[in-house]
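Thanks for coming. Please look at the sequence and the structure on the screen, and I will go through the main points.

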Amino acid sequence: NFWKSELAYKTRRFEDAIAYGEKYVSRAVIRNKAEVLAQNATLQNAYTTMGYASMELQRFDVAQQYFSTAQMKATDAGSTMDAVLREADAVFMQKGYMKAIALYDKVIAAKGEDADYAKYQKGIVLGVIGKRADKATVMQSLMNAKPASKYANEARYELALVQIEEDKYQAAINTLAPLTNVTDKGNFAVKSLMKTAFCYQ
């Protein structure tokens, strides 16, 4: 049931992933034997897979519960923080903005590999609730991070959006310039050129 759940998720059969996962977590004796066979066949991983499947089905309240349970079943700090981060995403999708910020702050404080993602998401939430100055501060910290953050381009684009909202068009043009002038920025070049044109207008 554990591996059927994982395979179902990987083949985008999300309902099956949840159904097999529920069977797995409900059968303690069989589950213990599975953990002997493979270290990754854990309750935490089963609940995490069901959480991801629920996110794909846009059942964010259910996903939140799965990720919350995964935290309680986690056996190490890294796994716990991953579950906290995914719970934060699920809460964000339900518009529980202040709780989402609190959860993202936990991940940021842990300084793990997902800290920059959590910081970026926190910045997005701050923008949604109208705290533009705080959003700008968060995005600037990602842009200026050493070593460079992999979310630096996303942060630069979001900072420019804040500047546009505040009618600081020249500042936005300057912020967007690195995204429009370099060809390997992917979709950022197109979006940034459009925003730059808007600023000139």
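Accessible areas here come from the Shrake-Rupley method with a 1.4 Å probe; for residues, only the protein chains shown count as cover. By that method, the accessible surface of the chain is about 11,100 Å², and 52% of that belongs to carbon and sulfur atoms.

Two notes on the source. This is a predicted model, in which local features need pLDDT of at least 70 and side-chain atom pairs count only at pLDDT 80 or more, while totals for chains, interfaces and linings use all residues. Residues are numbered from 1 along each chain as its sequence is written, and side-chain values use heavy atoms, with hydrogens and water left out.

Now the fold. The chain has twelve helices and zero strands; helices (H or I, at least four residues) and strands (E, at least two) are DSSP runs, numbered from the N terminus. The C-alpha trace spans about 65 × 30 × 30 Å along its principal axes. Of the 201 residues, 44% are buried, meaning under 20% relative accessible area, with exposed over 50% and partly exposed in between.

Next, the loops. Where does arginine 12 lie? Arginine 12 is in the loop between helix H1 (2-10) and helix H2 (14-25). Its phi is positive, about 65°, although arginine 12 is not a glycine, and the residue is exposed at 56% relative accessible area.

Glutamine 58, in the loop between helix H4 (43-56) and helix H5 (60-73), also is not a glycine and has a positive phi of about 60°. Glutamine 58 is exposed, at 60% relative accessibility.

Last, a cis peptide bond joins lysine 146 and proline 147, with omega about -5°. Proline 147 sits in the loop between helix H9 (132-143) and helix H10 (152-165).

Technical notes: Buried < 20%, exposed > 50% of the residue type's maximum accessible area, 1.4 Å probe, protein only.
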